[in-house]
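Please look at the chain shown here and work through the questions below one at a time.

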Amino acid sequence: MKKIKTKIRRVIIGAAAGAIAAAALVLSAFSFSSEADSDTSRVVEEMDGSGSYITAEAAEPEDVLNDEEAIRTVEALGATKDYLSCMTPEEIQSLSSEALAIEGLDTSLADGSLVTRGITFEIPEGYEASPDTPGMYIPKRFPIDASNMVYSEFDADYTLQMMDEAYFEQMVEQNFTAAFGTAIDVNITEYQPYTIDGVPAIRIKAEYDLDGNHVTSLMIIINGSKTYTVVYTQTHDYDRMDLFEASAASIHVQK
């Protein structure tokens with residue numbers, strides 16, 4: 001059983017998280033390339049607030065993580081398909097809680113004691129909802145200024161906290177290759193676990209080159225009853241990071 005627990009920590013836990021978070025980051029890059037199609041979306045719960053607070057629509061990339069991809073990811077890291085397929089959701093949740101406890105991490109989501117109802121945030125000054133892509137917010141000069149903010153929501157991941165920087169970078173590069181058909185070298189310049197309103201979260205900055213643009217992204221991932229991601233992306237032509245930082249600082253979790 002000890003060997004299985006080790007696999008849980010390194011493989012099952014974080015395999016979905018890495019792919020989901022990476023897919024959210026890749027979605028924000030669609031503004032800089034005409035080769036990918038991001039025309040899939042869904043509306044999620046309303047976010048309370050007034051003034052610059054918004055009602056959120058969540059973007060959802062196609063095929064973020066289907067069963068075949070999950071199996072390939074896990075097998076590549078040394079687990080077996082048979083072991084994964086025989087686990088019930090309850091068993092995964094229980095083992096996730098145990099693995100988090102072993103690592104000294106917050107087990108409240110896996111234990112069922114943490115329930116979130118969504119997030120609120122302020123959109124960056126001068127940005128507005130994209131008429132074409134739900135969940136995306138763009139400047140008035142778009143696409144001349146192709147910077148953007150993308151809010152997405154995915155199923156809960158009990159052990160997102162266990163994803164480390166190296167694994168996230170690997171998943172991002174794999175997702176870029178799948179989306180654009182070419183290898184993209186992604187440089188993670190910041191990877192910081194923290195909490196927002198007591199809920200585990202991760203703050204990430206990444207840089208990469210795509211279609212002649214040097215792109216910088218700031219990503220906030222929140223590990224609640226849903227996995228909430230907010231990704232701010234800019235090119236080298238326009239520096240919007242101060243606006244993005246102010247928006248990121250305004251994020252709150254509804255419980």
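Q: Is tyrosine 151 buried or exposed?
A: In this predicted model, tyrosine 151 has a relative accessibility of 1%. Since a residue counts as buried under 20% relative accessible area, tyrosine 151 counts as buried.

Q: What is the angle between the planes of phenylalanine 121 and tyrosine 151 in their aromatic pair?
A: Phenylalanine 121 lies in the loop between β3 and β4, while tyrosine 151 belongs to strand β6, and the two are 30 residues apart. Their rings form a tilted pair, with 5.4 Å from centre to centre and an angle between the planes of 55 degrees.

Q: How many residues apart in sequence are the parts that phenylalanine 176 and tyrosine 208 tie together?
A: These two residues form a tilted aromatic pair, 4.7 Å centre to centre. Phenylalanine 176 is buried, with a relative accessible area of 0%, and tyrosine 208 is buried at 1%. Because phenylalanine 176 lies in helix α6 and tyrosine 208 in strand β8, the pair ties together parts whose separation in sequence is 32 residues.

Q: Which element gives the most residues to the largest nonpolar core?
A: The largest nonpolar core has 26 residues, and Phe176 and Tyr208 are among those that touch the most other members. Elements giving two or more residues to this core include α1, β7 and β8. The element that gives the most, with 6 residues, is α6.

Q: Where is lysine 205 placed?
A: Lysine 205 counts as buried, because its relative accessibility is 18%. Among the residues it touches are Glu190, Leu218 and Glu245. Its place in the chain is in strand β8.

How values were computed. Residues numbered from 1 in each chain as written. Predicted model: local features only at pLDDT ≥ 70, side-chain atom pairs only at ≥ 80, totals over all residues. Heavy atoms only, no water. Helix = DSSP H or I, 4+ residues; strand = E, 2+ residues; numbered from the N terminus. Buried < 20%, exposed > 50% of the residue type's maximum accessible area, 1.4 Å probe, protein only. Contact = heavy atoms within 4.5 Å. Core = buried A, V, L, I, M, F, W, Y, C linked by side-chain atoms within 4.5 Å. Phe/Tyr/Trp six-rings, centres within 6.5 Å; stacked < 30°, edge-to-face > 60°. Lists of a residue's contacts leave out its neighbours within four places in sequence.
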